[in-house]
Amino acid sequence: MKNKVIYRCSNCGYESPKWMGKCQSCEEWNTYEEMISQAKSTAVSNSRKTSPKRLSEVISGNSDRIVTSLSEFNRVLGGGIVRDSIIILTARPGAGKSTLLLQVADDVASKGYRVLYASAEESDSQIKSRADRILNSNKSNIWIYSDTSMNNVLASVAELDPDLIIIDSIQTFNLEEHNSRPGSPIQTMECANELLKVAKNNSRPRAVIMVGQMTKDDEIAGLRALEHLVDAVLILNGENGEELRGAWCSKNRFGSTGEIGFFSMTEQGMLSIDNPSEFFMTQRGDGQKVSGSALTVIKEGSRPIIVEIESLVSRSFTPYPSRIAECLRRDQLNTMISILEQRGRINLYDKNVVIKTTGGLQLKEQSVSLAIIMCIVSSVKDKAIPNDTVFLADVGLTGELKKVPSIEARIREIDRMGFKRVYVAKNTVRDSSRFKNVEIIELNTLYDVIMHLNMNTLEQ
């Protein structure tokens, strides 16, 4: 059959039988490129390479994973890297994507696997300089390849036969058979499709991790189809200059999307924070007491984490006192201040209030409401809350304490960490005798908590 000429938009991939100045799909000008389309026969082949299988006959390979020594990385992916998976990692510039993947490559290589690290953004010497700084093990099982040609990368895969392929980044590679610039939707998707074929090869499965560039809207650059193509989308959060990094999956075919891993960015690279409860609170001695601090428990995925919330309350000399919250929305802080003034009988109309968390963790759950309010009470009264006390309840507009989900899992973490008492809503815990060390104090209202802690003894 004859080949025919078509015109394809280099921006969005839309195809047209004739050239036009403006793309009908993305409405960009002068983006059509002439392409030769090979006509395909519609006849059905008499032979098949594979045959349909019963679902019961298919052997599951999800448990066949490469488990790294980075426990937080394993947690986010559901237990390690699945051998025939394709993963995309994205983050803002400078968050530590390349550093983390170089550490993963080193760890996997130290277990006897062959790793190909292909980069179109850095030269061999740049990658080697970073490796010398953050890696200590033998690097004989890691191969570095710096090039923008995906064709050459695929040839290197055939030559080296690696178990893990790392691509940094997918938007900087191109295939020679597609006449468009690197980073265009066509090139990105076609390169990703070639890597998908490499990963899903039944006779030789391989794991592929791609770096995906992030736009200013905090989304992966390119078409949404790229996210549908991969097995897992891993997002690394963290601001430049800050030590804390958080990783979570917005998509994971082999595990939960609710898990989050924490890392500490140091000169030696990304270090797993294996016990976040110790990282997100200040270690104080038995006799050391500080006002304006309260503890609570949040739940990230399946893991409860103890978090310290700090507040500073100072007198305001302006008509409109400041309300600053680094860890939650300002509207939430204003709501809790209103509840405290009306239901807790503490006036803050002439005082500035500043709230933050130890470690810079963002607070998204309603279960932290009581702790936020009580740290404000502690600050305005200049009276310390005992270091062995935790608050675990939501506070309604009526001033009543509300139940929080997964309460027993949170209390188990409190009990494990050795705290002595926890304040919760009435009728929250079914059987408190299961907890060895912690005393569960069940109260009805916010004012009851203030009175129970004797926080009303100082004048404002």
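With which residues is isoleucine 355 in contact, leaving aside its neighbours within four places in sequence? In this predicted model, the partners of isoleucine 355 are Ile309, Glu310, Ser311, Ile324, Ala325, Glu326, Cys327, Leu328, Leu333, Ile372, Cys375 and Ile376. Isoleucine 355 also belongs to the largest nonpolar core, a set of 48 residues. Within this core, Ile355 is listed with Leu370, Met374, Ile376 and Phe391 among the residues that have the most contacts. Helix H9, which spans residues 369-381, gives the most to this core, contributing nine residues.

The chain has 460 residues, and 49% of them are buried. Its secondary structure consists of 11 helices and 23 strands. Along the principal axes, the C-alpha atoms fill a box of roughly 90 × 55 × 50 Å. Of the contacts between residues at least 6 apart in sequence, 65% join residues at least 24 apart. The accessible surface comes to about 23,400 Å², and carbon and sulfur atoms account for 45% of that area.

Turning to open spaces, the largest pocket holds about 1,000 Å³. Its lining is made up of 40 residues, and those closest to the pocket centre are Asn237, Gly238, Trp248, Gln362 and Lys364. Five strands are named as giving two or more residues to this lining: E11 (232-237), E12 (244-252), E13 (260-266), E15 (293-300) and E18 (351-357). The largest share comes from E12, with five residues. Sorted by class, the pocket lining has 16 charged, 13 nonpolar and 11 polar residues.

A search of the whole structure finds two cavities of 30 Å³ or more. The largest cavity has a volume of about 50 Å³, and the residues that line it are Arg65, Leu77, Gly80, Ile81, Val82, Ser85, Ile87, Ala232, Asn252 and Phe254. By class, six of these lining residues are nonpolar, three are polar and one is charged. The second largest cavity contains about 40 Å³ of space. Arg8, Cys9, Ser10, Glu33, Met35, His178, Asn179, Ser180 and Ile186 form its lining, to which strands E1 (4-9) and E3 (32-37) each give two or more residues. This second lining has four polar, three nonpolar and two charged residues.

Serine 110 lies in helix H2, which covers residues 97-110. Is serine 110 buried, partly exposed or exposed? Its relative accessible area is 47%, so serine 110 counts as partly exposed, a class that lies between the 20% limit for buried residues and the 50% limit for exposed ones. Serine 110 is 164 residues away from aspartate 274 in sequence, and the two are 21 Å apart in space, C-alpha to C-alpha.

Methods: Residues numbered from 1 in each chain as written. Predicted model: local features only at pLDDT ≥ 70, side-chain atom pairs only at ≥ 80, totals over all residues. Heavy atoms only, no water. 1 Å grid on protein atoms, 1.4 Å probe; cavity = no way out; pocket = protein on both sides within 12 Å on 5 of 7 lines; lining within 4 Å. Points joined across faces, edges and corners; volume = space filled by probe spheres on them. Helix = DSSP H or I, 4+ residues; strand = E, 2+ residues; numbered from the N terminus. Nonpolar A, V, L, I, M, F, W, Y, C, P; charged D, E, K, R; others polar. Core = buried A, V, L, I, M, F, W, Y, C linked by side-chain atoms within 4.5 Å. Buried < 20%, exposed > 50% of the residue type's maximum accessible area, 1.4 Å probe, protein only. Contact = heavy atoms within 4.5 Å. Areas by Shrake-Rupley, 256 points an atom, 1.4 Å probe, with all protein chains shown as cover.
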